[in-house]
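Thank you all for making the time this morning.

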Amino acid sequence: MKIAWVTDSTVHNTEAINKHPDIYVVPMTILIGDDEYQDGIELTPHELFKTLNSSDKEVKTSQPSIGIFQELYEQLAGSYDRIISIHVSSHFSGTVSSATQAAQLVEIPVDVIDSKILSNPLTELILSGIKWLENGIPIEGVIHQLERKIDRAETYVMVGSLEQLHKSGRMNGLSFFIGSVLKIKPILSIEEGKLSVKEKVRSINKGYSRMKDYFDDALSRRRIHTVSILYGLNKNDALNWIEEFSVKYPGISFTANPLGAVIGVHVGESTLGISWFAEED
């Protein structure tokens, strides 16, 4: 059975994703004023943040339409037997909904999976699924293992820009005003695919310290082999963090991975986060 993998542009486009012949990435849409751009094709994170910093135009994001997914699924039906369509958390975007509705309109079997995550963790899920298939695990078993892996994810993000979070509609006016006046930095967690405020700190350094505490706590409970450090445009901050972590945890692999333009619209260019999948007991 030949399987196609479909995802969206919130995925971290590593070389393994870009060059794999069975992975298809559907771009999200970024709207800047009256102009529309395809994420990752017509607009890079650097170009987006340059616009955010120099323009007062409203910036929004939009999921791919049902029709776009339907068209792709129908095209893939000519070369594949089944499709696994795995996407950014349904609480962040309507992409899962669009994919699910499109799947009902085509003849090829399509399994739509809500990753409950984004960026490099989404990349890890896809590459894990492909590896399991190559190792001979049946597709139903692969989907089951993906769902189990999703449930073992932990992610924490310190928002780089309250203003951008406010502009994007993810923070109300009063919270934005209080946070700006008091210089509060919210640390967000992703739990069951939903963003929630884990803690509010008064400085970037305190935020870094608290996220390290979360990681230490997780290590005391579970085995963790790989960790993603997620960033906006502040790659050097991510690399400095990795250098520090690598000394303290020599047996764990750390990688720096961009959040991407779509997520950057909401959290800002100086955002930094940490994410991992715990191993099964």
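Let me begin with a question: does R82 count as buried or exposed? What we have here is a predicted model, and in it R82 has a relative accessibility of 14%, which is under the 20% limit, so R82 counts as buried. The side chain of R82 meets that of D111 in a salt bridge, with 2.7 Å from N to O, and D111 is itself buried, at a relative accessible area of 19%. The two residues come from distant parts of the chain, since R82 belongs to strand 6 and D111 to strand 7, 29 residues apart. Salt bridges with shared partners also bring in E140, so that R82, D111 and E140 form one network.

Now to the nonpolar interior. In soluble globular proteins, nonpolar side chains tend to be buried together. The largest nonpolar core in this model has 35 residues, and W5, I30 and I126 are the ones with the most contacts inside it. Two or more residues are given to this core by each of several elements, including strand 1, strand 3, strand 6 and helix 5. Which residues does I126 contact, once its neighbours within four places in sequence are left aside? They are W5, T7, V11, I17, I23 and I86. Apart from this core there lies another, of 24 residues, among them I187, M211, V227 and I274.

The rings come next, and the search of the whole structure finds 13 aromatic pairs. F69 and Y73 have ring centres 5.9 Å apart and planes at 35°, so that pair is tilted; both residues lie in helix 3, four residues apart, and F69 and Y73 are each buried at 0% relative accessibility. F245 and F254, by contrast, have centres 5.2 Å apart and planes at 15°, so they count as stacked, and both are buried. These two also belong to a cluster linked by ring pairs, which includes Y156, Y214 and W276. Y214 has a charge over its face as well, that of K198, at 5.3 Å from the ring centre, and K2 lies over the face of Y80 at 5.0 Å.

Finally, a word on backbone angles. Most residues other than glycine have a negative phi. K116, in the loop between strand 7 and helix 5, has a positive phi near 60° and is partly exposed, at 25%. E192, in the loop between strand 9 and strand 10, has a positive phi of about 55°, and at 55% relative accessibility E192 counts as exposed.

Methods. Residues numbered from 1 in each chain as written. Predicted model: local features only at pLDDT ≥ 70, side-chain atom pairs only at ≥ 80, totals over all residues. Heavy atoms only, no water. Core = buried A, V, L, I, M, F, W, Y, C linked by side-chain atoms within 4.5 Å. Buried < 20%, exposed > 50% of the residue type's maximum accessible area, 1.4 Å probe, protein only. Contact = heavy atoms within 4.5 Å. Phe/Tyr/Trp six-rings, centres within 6.5 Å; stacked < 30°, edge-to-face > 60°. Lys NZ or Arg CZ within 6 Å of the ring centre and 35° of its normal. Salt bridge = Lys/Arg side-chain N within 4 Å of Asp/Glu carboxyl O.
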